[in-house]
Amino acid sequence: MGVFGMQLVCTMVMCTVLSKVIPHWSPAQWLLCNTGLSYYLHPTDDQLRDKKKTSSSKNNTKSSENTENGCFTVLPKNLDVNLQKTSVTKLDVFQLRFFSDYQWLIDFSVCALIVYAATEVYLYLSPGRDEVNLSMVWCLLLLLFILKVLFSITLVYFKASAGDGEKALVVLALFCYLLLAMMVLVISETKLELGLDEAYTAFNASAAEFMKSQEITSVGVMSKMAFKGCVAVACAVLGACLAFPGLRLGKMHWDAVRLQSCRRWLQLLLHCSFMAPALVSLLWVRPLARQYLVIITWPGYTKPILSADSFGTVRVVCVLVACALRLVVLPVYLQAYLDMARIKLEEQRSHAGKTTNKNIQRQVASVFYYLCVVALQYVLPLLLSIVLALMLKTLGGLHWEALRSPRHFVSSECGLDELAETVVRSAKPHTATAAISRLAASTEATHAISSGVEQLRKVLVPEIWLGLLGFSLWWSVTCWFVSGLFGLLYQRYFTVG
């Protein structure tokens, strides 16, 4: 029995694809260049000079031009510039800010998801193998990349010299989410199914057993108060990093719904995708979800709608469906963002005073320049929810087979010792002996490589992952929606007259 087997082959093939094929066919570039996106070109100096002459002649005013840098003043209340629109091409996106981070993250995400899908199919077709799941290494790397890019974008607001308002907003979001996290952590498990208490109990038990086997004396790993304090701080940091992505999402949703006023079906799809994370987060509320789906037997049925083992898998699938809805409407949101260039000039026409040609050109060009930043702010929470959901399914001991018979499914996962006992009970004596011999030989041959992994498995039991990843998934989805809802309310009541 190999430690990796076909998984290593799949990983090496995908590494080759990532290094040789992806540079020539990039999913990240395809999302920007082949989904019908178009942006506005900034007006040239000649166009603005013509508009300045027309405006000056109508208002009997004169304005001087700085010949050193070509900067001249125009009258924004009379400005009527017809912006030219062009499609986004590959040559255009290379100059955008954070393009390298965006391209690497999207391309690596696609490869990681392909590896995960291939590994799941392989393990489904070859059950009973006690192999290290290499797809979890890909998911872990993807999770680290997501957090790194998310922190990098957030740090930009602190590095900017004129970003006092952005800094204050991030700090305010940090303390607000810290308060919210502390309020959530004191809610009883009978109301909100977080799973942290079970995870803490399981970790203490497994860690104590491990230290006892290693003859290590300890009074305990960590108190529950300290554990939940660390969780609250981590939740606050994640919520603060999602503050600006939420504001951007609310702005894009508000603009996209207004721009698609003639397409009711697309408006409905936008609203459904926006509300999907809120509906998914309700699946962790025990009186609303588990009580009606797992415990109560409805009239006309002999069993509840879902079994206890299939309920976790259904939650994971619902998260993936919500993320798929958000991904489908991504081009609509990005196009709504690119149309901000025209909206900015229209709003500027109603203001009194003067501006310069450089300022107008900067306003229009900056919209397209930050396209990758906006795309990252949109896809980072999405990818974070996807990778947490997939890790929860695998490390938490959930099964895709639960979707075939959700009412009757019972987890039948067994470890190496249980597999040997099953072979002994079901096979003939000489066949069972041969199977046990092969199993022992293969285990002995790979003991030097897998011993460390096995020790780690004894400490990090599935109950720990089920609690930690389940709570992390619920918190990320909830913050994703709450931040977007705050952005939408801000656009509705604070920026629209």
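Predicted model: local features only at pLDDT ≥ 70, side-chain atom pairs only at ≥ 80, totals over all residues.
In which hand does α1 pass α5?

The protein chain has 497 residues, and buried residues make up 44% of them. There are 21 helices and five strands. Take contacts between residues at least 6 apart in sequence: 82% of them join residues at least 24 apart.

Now, confidence. The average pLDDT of the protein chain is 82. A score of at least 70 is reached by 81% of the residues. One stretch needs care. Over residues 413-432, pLDDT stays under 50. For that stretch the model has 15 contacts beyond four places in sequence.

Back to the opening question. α1 passes α5 in a right-handed crossing. Helix α1 covers residues 6-21, and helix α5 covers residues 99-125. Their axes come within 10 Å. They cross at roughly 155°. Angles over 145 degrees count as roughly antiparallel, so α1 is roughly antiparallel to α5. Who makes the contact? On the α1 side we have Met6, Gln7, Cys10, Met14 and Leu18. On the α5 side the list includes Trp104, Asp107, Phe108, Cys111 and Ile114. Tyr122 and Leu123 are also among the α5 residues in this contact.

Next pair. Helix α10 is residues 243-259, and helix α21 is residues 462-493. Here the axes come within 7 Å and cross at roughly 55°. That makes α10 oblique to α21. This crossing is right-handed. From α10, the residues that meet α21 include Gly246, Leu247, Gly250 and Trp254. Among their counterparts in α21 are Trp480, Gly484, Phe486 and Gly487.

Now some single residues. Start with Ser206. Where is Ser206? In helix α8, residues 196-213. Is Ser206 buried or exposed? Its relative accessibility is 9%, and the cut-off for buried is under 20%, so Ser206 counts as buried. A polar atom of the Ser206 side chain lies 3.1 Å from the backbone oxygen of Phe203. Leave aside residues up to four places away in sequence, and Ser206 touches Lys458, Val459, Val461 and Ile464.

On to the loop between α17 and α18. α17 is residues 371-395, and α18 is residues 416-426. His399 sits in this loop. His399 is buried, with a relative accessible area of 16%. The side chain of His399 has a polar atom 3.2 Å from the backbone oxygen of Gly397.

Glu401 is in the loop between α17 and α18 too. Its relative accessible area is 26%, and Glu401 is partly exposed. How many residues separate Glu401 and Tyr124 in sequence? The count is 277, yet their C-alpha atoms are 9.3 Å apart in space.

Last one: Thr302. Thr302 is in the loop between α12, residues 290-295, and α13, residues 308-328. Buried or exposed, this Thr302? Exposed, with a relative accessible area of 79%. Thr302 and Arg407 are 105 residues apart in sequence. From C-alpha to C-alpha, Thr302 and Arg407 are 10.0 Å apart.

To wrap up. α1 runs roughly antiparallel to α5, while α10 is oblique to α21. Ser206 is buried, and Thr302 is exposed. And remember residues 413-432, where pLDDT stays under 50.

Methods
Residues numbered from 1 in each chain as written. Heavy atoms only, no water. Helix = DSSP H or I, 4+ residues; strand = E, 2+ residues; numbered from the N terminus. Buried < 20%, exposed > 50% of the residue type's maximum accessible area, 1.4 Å probe, protein only. Polar contact = N/O pair within 3.5 Å; in protein donor to acceptor, adjacent residues only side chain to side chain. pLDDT = per-residue confidence, 0-100. Contact = heavy atoms within 4.5 Å. Axes fitted to C-alpha atoms, helices over the stretch in contact; angles between N-to-C directions. Parallel < 35°, antiparallel > 145°, perpendicular 65-115°, else oblique. Left-handed = near helix turned anticlockwise from the far one by under 90°.
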